[in-house]
Amino acid sequence: MKMKKVVPFAMTALLIGSAIGVPSAFANEEAAAVTNAANNKEQNPQIQPTFIKVAGTVENVETRNKATYYTVKDGENINVFVVTDDTLVFDNTGKEVKLQKGDKVTAYTYANKPMIMIYPPQYNPEAIIVETKEMGSVELDFFNKDLVNTNNTLKLNIGEQTKLLSLSGKEVKVADLAEQHLLVFYTIATMSIPAQTPPSKVVVIDTITEKPGEVDPEEGEPSESAVQEIINKDFYEVDGTKMVPLRLIAEELGFTVESTGKGAIVSKGARSYTITRGQKEYGYNKAIRHFEAAPALLEPTKTYVPLEFVEELMK
């Protein structure tokens, strides 16, 4: 009889204990999930896009001021693409085409490029892709030294059949593709992570700069001469390194300089440099490079950088 009483009591205690333990287990699992999510966020921070991607259908075309303005609509969204002779326009197979009314297009604009505050928004894209019924995929992104894009979704395997071009018209070799913004055309890719593809065409999105000694008829003196004049009048010697004013020289060369409080972001077209005072390391697009001497605030509100950086900006 005692055994019959003890067994139900033991079972009841077990059930009560289980009932109490269940929410505790769920709480522990939920806490663990939150912790893992936080850790993953720290280990895998969100990558900011290198290019702004805008799609739609061309509904209106207007030419003025040496540029063509394409009004593009996607549902209720309206955007305007300002296209010049320097804008790359291809279809999704890599064939050069001319934009026409009714084309379904995707425009890629460098994310750091300044935009005017106007409605509808206006973009000055680096490249525009016209979608066709032909098979073909397109990727425009920064590719590292291993030719892998920023999101680790695509790796390039350059073959003899891959056509290599550049925005500036310079001759391009395979070694020139590393750590560059690349417009890639391909048709097949593996199912791996990252997917691998033998692209049919790759275009390096580099910047067209003035040739040494070339004079801009609207500005008079070439930028190189104006830059040299700045250097001659405004420089410091720091531990044997010649330091020159960053903003004055960068803006003279057509770059946009945005203060970060601790340094500046210097950008032009597809090139972007992130400079921090007191640090020899600086960012070039998604890569890390090094100065011989750290940038410094040698005069109030004026950041100075090693003279070597001027040579980098003038490439």
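**Figure 1. Aromatic pairs in the predicted model, with Phe90 and Phe185 in close-up.** The structure holds 11 aromatic pairs. It is a predicted model. In the pair shown here, the ring centres of Phe90 and Phe185 are 5.2 Å apart and the ring planes stand at 65 degrees, so the arrangement is edge-to-face; an angle over 60 degrees is what this class requires. Phe90 belongs to strand β4 (residues 88-91) and Phe185 to strand β11, so the pair ties together parts that are 95 residues apart in sequence. Phe90 and Phe185 are both buried.

**Figure 2. The edge-to-face pair of Tyr282 and Phe309.** The centres of the rings of Tyr282 and Phe309 are 5.6 Å apart, and because their planes stand at 80 degrees the pair is edge-to-face. This pair links distant parts of the chain, with Tyr282 in strand β19 and Phe309 in helix α4 (residues 308-313), 27 residues apart. Tyr282 counts as buried because its relative accessibility is 6%, and Phe309 counts as buried because its value is 2%; the limit for this class is under 20%.

**Figure 3. Charged side chains over aromatic rings.** Lys268 lies over the face of Phe255, at 5.2 Å from the ring centre. At another site, Arg64 is placed over the face of Tyr69, and the distance to the ring centre is 3.7 Å.

**Figure 4. The hairpin of β19 and β20.** Strand β19 (residues 281-284) pairs with strand β20 (residues 287-290) in the antiparallel sense, over four bridges. Within this pairing, Gly283 stands opposite Ile288 of β20. Two residues lie between the strands of the hairpin, and Asn285 in the turn has a positive phi of about 55 degrees. Strand β19 also carries Tyr282, whose ring pairs with that of Phe309 in helix α4.

**Figure 5. An open sheet of four strands with antiparallel pairing.** The strands follow the order β14-β15-β22-β21. Strands β14 and β21 (296-299) stand at the edges with a single partner strand each, so one side of each is left without a neighbour in the sheet. From one strand to the next, the twist averages 45 degrees. Strand β21 is joined by three bridges to strand β22 (residues 302-306), and the two run antiparallel. Ala296 stands opposite Tyr304 in β22.

**Figure 6. Positive phi angles at Asp239 and Asn152.** Asp239 is not a glycine, yet it has a positive phi of about 50 degrees. Asp239 is located in the loop between β14 (236-238) and β15 (241-245), two strands that follow one another in the order of the open sheet. With a relative accessible area of 81%, Asp239 is exposed. Asn152, also not a glycine, has a positive phi of about 55 degrees. Asn152 is placed in the loop between β8 (137-143) and β9 (154-156). Because its relative accessibility is 39%, Asn152 counts as partly exposed.

**Figure 7. Thr162 and its contacts with residues that include Pro199.** Thr162 is found in the loop between β9 and β10 (163-166). It counts as buried because its relative accessibility is 10%. A polar atom of the Thr162 side chain lies 2.7 Å from the backbone oxygen of Pro199. Leaving aside residues up to four places away in sequence, Thr162 touches Pro199, Ser200, Lys201 and Val202.

**Figure 8. The cis peptide bond from Ile193 to Pro194.** The bond has an omega near -5 degrees. Pro194 is located in the loop between β11 (180-186) and β12 (195-197).

**Figure 9. Lys133 in the loop between β7 and β8.** Strand β7 spans residues 127-130. Lys133 counts as exposed because its relative accessibility is 89%. The C-alpha atoms of Lys133 and Thr93 are separated by 9.7 Å, although these residues are 40 residues apart along the chain.

Technical notes: Residues numbered from 1 in each chain as written. Predicted model: local features only at pLDDT ≥ 70, side-chain atom pairs only at ≥ 80, totals over all residues. Heavy atoms only, no water. Buried < 20%, exposed > 50% of the residue type's maximum accessible area, 1.4 Å probe, protein only. Pairing = 2+ DSSP bridges. Phe/Tyr/Trp six-rings, centres within 6.5 Å; stacked < 30°, edge-to-face > 60°. Lys NZ or Arg CZ within 6 Å of the ring centre and 35° of its normal. Polar contact = N/O pair within 3.5 Å; in protein donor to acceptor, adjacent residues only side chain to side chain. Contact = heavy atoms within 4.5 Å. Axes fitted to C-alpha atoms, helices over the stretch in contact; angles between N-to-C directions.
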